[in-house]
Amino acid sequence: MSTAYDVGSSTNIKWHEGAVPTENKEAIMQQKGCVVWFTGLSGSGKSTVACTLEHALAEAGKVTALLDGDNIRHGLNSNLGFSATDREENIRRIGEVSKLFADTGIVTLVSFISPYRRDRDRVRSRVPEGRFIEVFMKVPISICEERDPKGLYKKARAGQLKGFTGIDDPYEEPLNAEVVLEAETADGKRISATDQARTLLDYLRSKGFLTGPSTPSK
């Protein structure tokens with residue numbers, strides 16, 4: 001007898017197990033699915049490092065998906081604004097999408113400011129243990145403002161942009177991120193996006209994400 005689950009306001013939606021287990025897909029691609037979640041202030045380099053890492057993974061023959069905050073707001077999340085409620089829904093949706101990609105064995109790179117710790121932790125709780133890699137772009141706001149690639153800090157400082165993260169809206173730093181990428185070395189030398197991406201590539205390799213299961217499920 002089939003079982004019905006209460007999903008939101010619907011009571012006749014059932015979860016269907018996939019015909020091909022994740023392990024089999026990972027064996028085909030020779031990699032393991034995961035969510036690499038980049039978080040940090042606007043201008044901290046999230047998108048640049050994520051893009052650089054994706055190119056490095058492609059050169060290594062790995063299958064990836066890159067989900068960028070700005071790009072997602074042009075489509076899937078085009079109906080959301082920047083209130084606390086909309087920000088929460090923004091992260092919830094992309095969290096579910098990233099989980100779907102990871103469950104398919106894809107190395108999923110997600111670049112979102114995602115300012116609220118509880119929202120990031122909620123996504124983590126939805127991803128299988130050990131498959132969520134939080135990457136904190138630990139870049140001082142002074143450097144972010146110096147870069148200001150979209151001129152948003154200038155507008156926020158002038159009062160033309162309200163609710164901007166880091167200026168008049170909070171950013172909650174991760175407490176236990178798997179990887180913390182600094183903007184500068186101890187002696188003040190800027191660290192390039194290439195070097196930051198290399199750090200992440202080494203991390204993924206060391207944790208076994210760039211090799212597949214030795215024996216697929218039957």
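Let us begin with Glu-89, which in this predicted model counts as partly exposed, because its relative accessibility is 22%. Its partner in a salt bridge is Arg-92, and the closest N and O atoms of the pair are 2.8 Å apart. Arg-92 is likewise partly exposed, at 43% relative accessibility. Both residues belong to helix H4, where three residues, about one turn of the helix, separate them.

I turn now to the packing of this helix. Helix H4, residues 84-103, packs with helix H5, residues 117-126, at an angle of about 25 degrees, and their axes are 9 Å apart. Because angles under 35 degrees count as roughly parallel, H4 is described as roughly parallel to H5. The crossing of H4 past H5 is right-handed. Which residues in H4 meet H5? Among them are Arg-87, Glu-88 and Ile-91, while the H5 side includes Asp-119, Arg-122 and Val-123. By kind, the contact of H4 with H5 comprises seven charged, two polar and two nonpolar residues.

Glu-134 lies in strand S6, so the pair ties together parts that are 14 residues apart in sequence. Are these two partners buried or exposed? Glu-134 is buried, at 4% relative accessible area, and Arg-120 is buried at 1%.

A further salt bridge joins Glu-145 and Arg-157, at 2.6 Å from N to O. This pair links helix H6 with helix H7, twelve residues apart. Here Glu-145 is partly exposed, at 26%, whereas Arg-157 is exposed, at 53%.

Finally, the whole structure contains 17 salt bridges.

Technical notes
Residues are numbered from 1 along each chain as its sequence is written. This is a predicted model: local features need pLDDT of at least 70, side-chain atom pairs count only at pLDDT 80 or more; totals for chains, interfaces and linings use all residues. Side-chain values use heavy atoms; hydrogens and water are left out. Axes are lines fitted to C-alpha atoms, for helices over the stretch in contact, and angles run from 0 to 180 degrees between N-to-C directions. Helices (H or I, at least four residues) and strands (E, at least two) are DSSP runs, numbered from the N terminus. Angles under 35 degrees count as roughly parallel, over 145 as roughly antiparallel, 65 to 115 as roughly perpendicular and the rest as oblique. A crossing is left-handed if the near helix is turned anticlockwise from the far one by less than a right angle, and right-handed if clockwise. Contact means heavy atoms within 4.5 Å. Ala, Val, Leu, Ile, Met, Phe, Trp, Tyr, Cys and Pro count as nonpolar, Asp, Glu, Lys and Arg as charged, and the others, Gly among them, as polar. A salt bridge is a side-chain nitrogen of Lys or Arg within 4 Å of a carboxyl oxygen of Asp or Glu. Buried means under 20% relative accessible area, exposed over 50%, partly exposed in between (1.4 Å probe, protein chains only).
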